[in-house]
Amino acid sequence: MNHESPPSTPDQTLIIDGIHVPRFLYGTAWKEDQTQRLTELALRQGFRGIDTANQRRHYDEAAVGEAVSRSLESGLVARNDLFLQTKFTFRQSQDDRLPYDPKVTIRIQVEQSFASSLKHLGTDAIDSYLLHGPTGRVGLTSADWEAWRAMETLHDSGKARLLGVSNVSVEQLQLICQKARVRPRFVQNRCYAARGWDRLVREFCADNGMVYQGFSLLTANRAVLASVELARIAERHGRTVSQIVFRFALHIGMIPLTGTTDANHMRADLEIFDFRLDRNEVERIEGFQEHSTHGRRGYG
Ligand SMILES: NC(=O)c1ccc[n+]([C@@H]2O[C@H](COP(=O)([O-])OP(=O)(O)OC[C@H]3O[C@@H](n4cnc5c(N)ncnc54)[C@H](OP(=O)(O)O)[C@@H]3O)[C@@H](O)[C@H]2O)c1
């Protein structure tokens, strides 16, 4: 088998609990009938971390699995070089194409959803399993805890190697960290420059052994991307503003996600490991504020 791994530099992967985690993830939401083609394309361009969800409303996890199987079969990648992340999504954020029986307990829904994810992705273990989001914006409900306890059991079994949570506030993270037996290792949030690039959550993650994954870095921050200052920084480095935002994300300890459909953007996105921003530039970007928040609502 010819396993073509892209050339890697030391900061292209993190090691968390012995698991290699790529520092840039390819997101598979909203791709519909292009999911398989685009996931394969992303793997060919060099992405080794894939983010999906067992939520048919926004993702086609089975098509992601098809892309993974084909890429393994062709020798493009080896399973050990791949980082597969998926999510459990509560009923309220699903449509009728459910990966579980809605009448059974939450614990069993998690088990059913997870088993379906393993099948879709053609694997016997998921590298990172996320709770797609708590049931509410404030506090945690008994349903949230039931889901988390079921995820802890999956972690105990070795089938969910790392756990995480998405679409959460600092207060919710504090509650999880106080009572979880297995703490989340990832937090995946929409990242608004207007909120200091989710500063409070990022700081909480850094202080509590969690890695922050940021999505919608481009689409939620359009005014920042169009700013003269960012254009100047990009020009100084001979890079695009998107590359500057992603490089900035790495610099502040974040794992960025992209859902680009464009092969050139995929390649450009991965070309952020060979340059650095200086401290002054990082501070300027970190201080950018955007007065309105754009981007999709709800979870995808
Ligand atoms: N946990 C959650 O609830 C949740 C919610 C939303 C997203 N996510 C995850 O995050 C992933 C990414 O979502 P996203 O909102 O960050 O991105 P996205 O909206 O899927 O894609 C990025 C957008 O920016 C454009 N773009 C322009 N230049 C680009 C460049 N150089 N590189 C990349 N994109 C460029 C892309 O257009 P082109 O296609 O033309 O490049 C695309 O329209 C999703 O697929 C999903 O896996 C999770």
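Predicted model: local features only at pLDDT ≥ 70, side-chain atom pairs only at ≥ 80, totals over all residues.

Visitor: What makes valine 77 count as buried?
Guide: The cut-off is 20 or more other C-beta atoms within 10 Å. Valine 77 has 21 C-beta neighbours inside 10 Å, so the residue counts as buried. Valine 77 sits in the loop between helix H2 (61-73) and strand S5 (83-88). Its C-alpha is 8.3 Å from that of arginine 48, although the two are 29 residues apart in sequence.

Visitor: Is tryptophan 197 buried or exposed, and how do you know?
Guide: With 25 other C-beta atoms within 10 Å, tryptophan 197 is buried, because the cut-off is 20 or more.

Visitor: What makes the buried residues of H4 line one face?
Guide: The buried residues here are Asp144, Ala147, Trp148, Ala150, Met151 and Leu154. Seen down the axis of H4, they fall within an arc of 160°, so they line one face of the helix. The face turned away from that buried side carries the exposed residues Ser142 and Asp156. On the buried side, the residues of H4 pack against S5, helix H3 (106-121), strand S6 (126-131), S7 and H5. Just after H4, glycine 158 takes a positive phi of about 85°.

Visitor: How do you know that the buried residues of H5 line one face too?
Guide: In H5, Gln172, Leu173 and Ile176 are buried. Viewed along the helix axis, the buried residues of H5 fall within an arc of 100°, so they line one face. Gln178 and Lys179 are exposed on the face turned away from it. H4, S7, S8 and H6 are among the elements that cover the buried residues of H5.

Visitor: Which elements make a right-handed β-α-β unit with H5?
Guide: Strand S7, helix H5 (residues 170-179) and strand S8 make that unit. From S8 the chain then crosses through helix H6 (residues 199-207) to S9, and this β-α-β crossover is right-handed.

Visitor: What makes S7 and S8 a pair of strands?
Guide: Pairing needs at least two bridges. S7 (residues 160-166) and S8 are joined by 3 bridges and run parallel, with valine 165 opposite valine 187. S8 and S9 are joined by 5 bridges, and they also run parallel. Here asparagine 189 stands opposite glycine 214, and glutamine 188 opposite glutamine 213. S9 is joined to strand S10 (residues 255-258) by 2 bridges, again parallel, and glutamine 213 has isoleucine 255 as its bridge partner there.

Visitor: Why is S9 called largely enclosed?
Guide: 5 of its 5 residues are buried, so S9 is largely enclosed by the rest of the structure. Val211, Gln213 and Phe215 point one way and Tyr212 and Gly214 the other. In S8 (residues 186-190), 5 of 5 residues are buried as well: Phe186, Gln188 and Arg190 point one way, Val187 and Asn189 the other.

Visitor: Which residues have the most contacts inside the largest nonpolar core?
Guide: They are Tyr129, Ala147, Met151, Val187, Leu217 and Val245, in a core of 71 residues. Leaving aside neighbours within four places in sequence, leucine 217 is in contact with Cys191, Val245, Phe246, Ala249 and Pro256. In soluble globular proteins, nonpolar side chains tend to be buried together.

Note on methods
Residues numbered from 1 in each chain as written. Core = buried A, V, L, I, M, F, W, Y, C linked by C-beta atoms within 7 Å. Buried ≥ 20, exposed ≤ 12 C-beta atoms within 10 Å, placed from the backbone. Contact = placed C-beta atoms within 7 Å. Helix = DSSP H or I, 4+ residues; strand = E, 2+ residues; numbered from the N terminus. Right-handed = clockwise from strand over helix to strand, strands pointing away. Arc of directions from axis to C-beta.
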